[in-house]
Amino acid sequence: MINYIWLFFIVSSVIIGFFTGRLKEVGDAAIEYADIAVRLSIALVGVMSLWLGFMKIAEESGLVFLFSKLIKPIIKRLFPDIPADSKAAVDITMNISANALGLNNAATPFGLQAMKELQKHNNNPDKSVASDSMCTFLAINTAGIQFIPASVMAVLAASGSSNPAEIIAPCIITTFIVLFIAIIIVKVLERVYPEPSKRLRAKEGDSDA
Amino acid sequence: MLKEIFFIISISAIPFILFFISIYGSYKKVPVYETFIRGSKQGFGVGVRIIPYLIAMLVAVGMFRASGAIELISEYLSPFLSFIGMPAELIPLAIVRSLSGSGALGVLGEIAANNGGEAYVTKLAALMTGSSETTFYVLALYFGSVGVTKFRHALVAGILADIIGIFVSLMIGKIVFT
């Protein structure tokens with residue numbers, strides 16, 4: 001699927017650019033964004049390393065285990081595939097909290113680490129296939145819970161709004177409604193399109209009976 | 001009140017977490033410095049591993065925006081979207097918000113500059129931007145980092161949630177800002 005989407009972006013950009021006379025801008029954007037992507041990745045290394053270092057301490061001191069026991073009830077319901085003592089629970093919680101607080105640069109390393117942990121518990125024979133837990137995590141992440149839309153408030157303030165903070169409450173309400181709907185959508189879809197590993201298991205179950 | 005609480009949490013969260021983890025670690029007799037270094041060593045690998053995925057996605061979205069495709073889509077969608085009560089000015093924003101965070105902020109800035117910070121349409125745009133997450137970027141980056149290429153229902157779920165998010169922000173905005 002990603003192949004088609006990517007192809008669509010590239011091909012349609014060139015075709016549309018040709019007709020709108022912006023072919024040069026399209027070419028420039030390709031070069032410019034390749035450069036931006038590398039700088040962005042390198043910019044992530046610092047925070048990523050910082051978090052991984054502290055996470056190692058948290059792990060070896062038993063803090064991770066304590067924390068994951070605390071939030072086990074929620075995690076177990078949303079991510080039935082991951083073991084109770086998994087570090088994934090911590091990384092997922094940290095990712096969502098950091099995003100909600102508007103700490104986007106801090107959120108990404110947590111998220112990448114969460115994916116790495118989830119990949120360990122990916123039961124699909126082909127590991128390039130997403131697990132249910134990964135899809136659920138990304139649905140929660142992209143619902144984008146937001147307590148402090150800092151950059152949006154900055155734009156409002158700059159354009160002469162008398163009270164930029166009035167955006168906070170509606171943002172919280174909106175993102176929570178979207179989160180709730182997103183979780184329902186992803187849980188329904190995972191039944192409609194089951195994981196390959198679960199389809200396999202279901203078949204084995206049939207032959208036993 | 002709520003705003004102050006969130007603000008305090010957001011500025012003290014990171015210092016508090018770093019403080020707490022290191023104190024607890026040394027209390028449990030973990031050699032904190034050596035352990036930190038051991039964990040931290042893996043950071044560079046992750047940063048380098050995500051480079052191709054980021055390039056692929058950012059270049060594709062960057063080209064798409066530069067081509068004028070979003071203005072074109074907006075034009076075609078506008079009769080339908082104004083029918084459901086969405087101001088025409090917000091249509092490009094509704095599309096960009098799933099593709100690029102900085103792009104969405106740019107469009108918001110434009111709307112705010114044209115209409116002023118107090119305008120209803122500016123507030124709606126702010127809500128729509130604040131409640132968005134760049135779905136394509138997150139999926140490409142997060143899945144890419146662990147080598148997952150078959151996204152299954154994650155993409156459909158993400159896009160559906162984005163579309164629903166547009167409607168929910170219009171609805172909430174209408175209730176709160178009028």
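How much area do chain B and chain A bury between them? About 8,300 Å², and 78% of it is on carbon and sulfur atoms. Buried area here is the accessible area, taken with a 1.4 Å probe, that two parts lose on being put together, summed over both.

Before I go on, some housekeeping. This is a predicted model, where local features need pLDDT of at least 70 and side-chain atom pairs count only at pLDDT 80 or more, while totals for chains, interfaces and linings use all residues. Residues are numbered from 1 along each chain as its sequence is written, chains are lettered from A and ligands numbered from 1 in the order in which they are written, and side-chain values use heavy atoms, with hydrogens and water left out.

Back to the interface, then. With contact meaning heavy atoms within 4.5 Å, 96 residues of chain B are in contact with 105 residues of chain A. On the chain B side, Tyr142(B), Arg152(B) and His153(B) lose the most area to chain A, together 9% of what that side buries.

What about polar links? The rule finds four salt bridges across the interface of chain B and chain A, a salt bridge being a side-chain nitrogen of Lys or Arg within 4 Å of a carboxyl oxygen of Asp or Glu. The side of chain B that touches chain A divides into 58 nonpolar, 27 polar and eleven charged residues. In that count, Ala, Val, Leu, Ile, Met, Phe, Trp, Tyr, Cys and Pro are nonpolar, Asp, Glu, Lys and Arg are charged, and the others, Gly among them, are polar.

Let me stay with Arg152(B). It forms a salt bridge with Asp132(A), the closest N and O atoms being 2.8 Å apart. Arg152(B) sits in the loop between H9 and helix H10 (154-177) of chain B; helices are DSSP runs of H or I, at least four residues, numbered from the N terminus. Its phi is positive, about 50 degrees, although it is not a glycine. Is Arg152(B) buried or exposed? Buried, with a relative accessible area of 18%; the cut-offs are under 20% for buried, over 50% for exposed and partly exposed in between, with a 1.4 Å probe and protein chains only.

Compare Lys29(B), in the loop between helix H1 (2-27) and helix H2 (32-40) of chain B. Lys29(B) also is not a glycine and has a positive phi, about 65 degrees, but Lys29(B) is exposed, at 73% relative accessible area.

Now over to the partner, Asp132(A). It is among the buried residues of H7(A), a helix covering residues 132-143 of chain A. Twelve of the twelve residues of H7(A) are buried. H7(A) reaches 17 Å from its first C-alpha to its last, close to the 16 Å expected at 1.5 Å a residue, where the expected span is 1.5 Å times one less than the number of residues. Gly144(A) follows H7(A), with a positive phi near 65 degrees. In the loop between helix H6 (104-120) and H7 of chain A you will find Pro125(A), which is exposed at 61%.

Two last stops. Thr174(A), in helix H9 (residues 168-192) of chain A, is buried with a relative accessible area of 0%. Thr174(A) touches chain B residues including Leu127(B), Ser131(B) and Ile172(B). And the buried residues of H4(B) pack against helices of both chains, among them helix H1 (2-20) of chain A and helix H5 (69-83) of chain B. Thanks, everyone!

How values were computed
Helices (H or I, at least four residues) and strands (E, at least two) are DSSP runs, numbered from the N terminus. Lists of a residue's contacts leave out its neighbours within four places in sequence.
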